[in-house]
Amino acid sequence: MVHPEYDSSLSFRDNLCNLWIFNAVFRLYGGPVKALSEKIMNFDIDRYFPDEHQAFGDSGRASFEEKRPLYLAGGRHYLARYGEDIRARHNEGADGAWVVHTIAEMVDTLMKKLFRCITSDVRHQAGGREQIALVATGGYGRGELNPYSDIDIMFLYGGRDGRRVEDIANKVLYFLWDMRLDVGYAVRTIEDCVEMANSDLTVKTALLDTRFICGSRQLFKELRKTILTQIMTKGSDAFIRQKVTELEERREKYGSSVYLLEPNIKEGEGGLRDLHTTLWIAKIKYKASEPRELLTKGVLTEEELDTYNSSLSYLWRIRNELHYLAGRRNDQLTFGDQSRVAEFLGYKDHGSLLGVEEFLRDFYLQATRVEQFWSAMVTKCLYHEKRPRRLLGYLARRPIGEGFYIVSGELKIPDEGVIAADPPRLMKLFEYAQKHGVELGMQAKNLVRKSLPLVNDKFRRNREVNHSFFSVLRAPGGVADTLRMMHYLGFLIRFIPEFERVYCKAQHDLYHIYTVDAHSIFAVEEFIRLRNGEHAGSLKLLSRLAGDIEKSELLILALLLHDIGKGEGGNHSEKGAEMMPTIARRMGLTREDSERLEFLVRHHLLFAHIAQRRDLHDEKMIIQFARLMGSSENLKMLYLLTYGDLRAVGPDVWTDWKAALMEELYEKTFTVLERGDFKFEARSERVKNVRKKVLELLEAEYAAAAVREELKAMSTRHLLSNTPAAIAEHVRMLLSLGNSTFVSRLSHEPEGGYSNFSICTLDTPGLFSKITGVMAANGMNILGARISTSTNGKALDVLHVNSPQGFVITDESRWKKVEEDLKHVIQGKVKVGTLVERRHRPSLLSEKVKPRFPTVIEFDNDVSDEYTVIDIYTHDKVGLLYRITSTLTELGLYIGVSRISTKIDQVADVFYVKDIFGQKITSEEKLDEIKERLLKAIEVE
């Protein structure tokens, strides 16, 4: 295996792919790959099928049914013996193609032996000779069987002796099924094949992959001739369109992106089905029986044929290992399997770079090449189909400048020399296609790939080029599609070479569904949708801001580059921000725009962090955040960037709850920025005004003295953190408590996706821990909590609650159960720990593998004047919140505010705490004790 040199005739990305694949393959096998042409194993099946005379003596010929038990045992031993040998070769590094072809050959040998024994027996008993052939179809017909693949066969017969053919088919099939083989079958004549192929696309496709195994070779030759003359010649264009539609539907089901978290090796985009479909449509279009014929007909180049064969072998090797790991058919590269497959293929961790992430990057690179190969082949077929006559085509083309023309809705370049003569036209190619709302034609795409070496430093700094690029970003539509096409053709990583660091970069967690580069372009797309008013009804503020910002192109660039530091390791926000001045200078940005771009990349995680993990009623914190923002334009852009970033992570990451928190942070910060003096408002005057308004609201319901008593007992923080109407409702609860165990109020916020559950009772040690335990025992998810204790000993806890699936819980019986359990726990009749254990008994069923990350506990004594803030990042588990809160209670800490955030498999919980004297915890010794106790509680299984 020769190390690949850079080939200027190839695109930069293809050269990069070649190098990565070479490195990956060399690492997989520790040296050269076993040759595809290596000799298939010799299968000595007679050794396992007993000689008739030895088994039954000379007393007479034994029937197949008499020999069947011995043959069945022999067949099982045969498959077990050679199956183990093939797996051993697989473990030693045999390539995927060798394994699948060898398994197919092993099954062929069994089929031939079995078929001959059965037909001989039938003929001996009934006399005569029927015309029948055993034919392989589907993947087996292509000679491709993974360890646990289906085996599809067809009993092809001449139309006579139907009963004998059925007898033979039954004997063969039941024998194979008794061997626990997954066999699909059909019994057809040639006429049946023609009739069904004309009405059933699946049958027509299967007939393209037929292969003779044994029986009447003449009959099979007649079938092949019929396929070539009557099936492959009819409706080829319709067949191609149907297969493209079918593949698109499969992608919708199994994943319409190469860069999915858990790709399907067979059916997903960039998988085996893309390659198979490519071959099917090429067979129909060009009447070829196997891939090499496409080379001789000039349809494929040697390089494209190599891409086809190497891609198949690569994907087969992974699929083989998935089958062996599962002990059954398995095509999903699940989260748990990814690490095992990566380890099997020889990937190792290097510092912060995980071996599994390197494997996934190589996989996505290969899947990208497959998708490009498929796309190019389909375009070739359809391009030839609709190519206009020369004169008519010349008259139909529309010139749009720069030597570009629009023909049949595609941008074409008749004179390819215009790009080499004036390289900036390479960027204008994308600009003009976007401006006119047309696709790049196949010839234009190929020209872009061939011209990538022209994209050098001089090109990147060219004023005309950058003006054209920002015209693309400023355009009212097609921005994300144009960037995606630039990326697809390898142009984007040439123009912004720093973006290459995140090209196909995977993140091995359940939170990030897409690779970093795909996620970044999706983030741009989410902002464009917002700007175009697609969410004007549900996200009014964000939609308005998206249309208000001064330079949308700068925000789009920030969205594209916000995660670019992830290719460097460490703090990716800082690493990415450090790259921005260089990129900005190269693109000719002003100093102000450069600084804003750097600001947005450096702080792109901050807005979500503050909104979800800090107390938004803390005025000091809001003022600090406003100071950092500096201007309302920075605030708007960061808010919009945060939205695009979160929406692009996955479909369920942006929730109504998060939307409400972020809108609250924006509005409070914007108010401070508009006020401009960054000073605290007079608290005493504000408290007085709040109390006055609450008294007015309640004057018709309660005596003024009783209301004043409750307001006086309330903390200043509580009075300033809620509206007068909310405080009035809290006073009603406090006054109605009397001698009751507790009083509760429930209100639903359907638009926010949560419920407000307020609980008023006498304060007792560990009250909040008891409440969290009851909620966990009833399958309810706490999003956030505000805990308030009055000086008269009454506690008022306000929880924001929804279901673990993110829905509002409206079932009244569930809430009644919560109240009943809460009453028994507060009264001491039931221990809360018992309720939690009862709800979550260990399951005997195996859970889906999730990644384990080390628990991180951090303390912050600066963000709040009143509380020590504890941030806890850990792996999610049942009853976690109860463990944490009960541990904090045991440590003598009072919880004032809590924010709970879960990212699929990780939690990020925040607790604002005080000690028993109402003070922040500043002692290092005490902080160490808290950390140690929390770690111990969290890690207990």
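This is a predicted model: local features need pLDDT of at least 70, side-chain atom pairs count only at pLDDT 80 or more; totals for chains, interfaces and linings use all residues.
Residues are numbered from 1 along each chain as its sequence is written, and side-chain values use heavy atoms, without hydrogens or water.

An open sheet of mixed pairing is built from 4 strands in the order E5-E6-E7-E8. Strands (E, at least two residues) and helices (H or I, at least four) are DSSP runs numbered from the N terminus, and two strands pair if DSSP finds at least two bridges between them. Because strand E5 (398-401) and strand E8 (439-440) are at the edges with a single partner strand each, one side of each has no neighbour in the sheet. E5 and strand E6 (residues 404-407) run antiparallel and are joined by 3 bridges; Arg398 is placed opposite Ile406 in E6.

The search of the whole structure found 4 cavities of 30 Å³ or more. A cavity is a set of points on a 1 Å grid over the protein atoms alone where a 1.4 Å probe fits but cannot get out, and lining residues have an atom within 4 Å of a point; a volume is the space filled by probe spheres set on the points, which are joined across faces, edges and corners. The largest cavity holds about 70 Å³ of space. Its lining includes Gln372, Thr379, Met442, Arg449 and Tyr488, and helix H15 (355-385) and helix H19 (442-450) each contribute at least two lining residues.

Terms used:
On a 1 Å grid over the protein atoms alone, a cavity is a set of points where a 1.4 Å probe fits but cannot get out, and a pocket is an open set with protein on both sides within 12 Å along at least five of seven lines; lining residues have an atom within 4 Å of a point.
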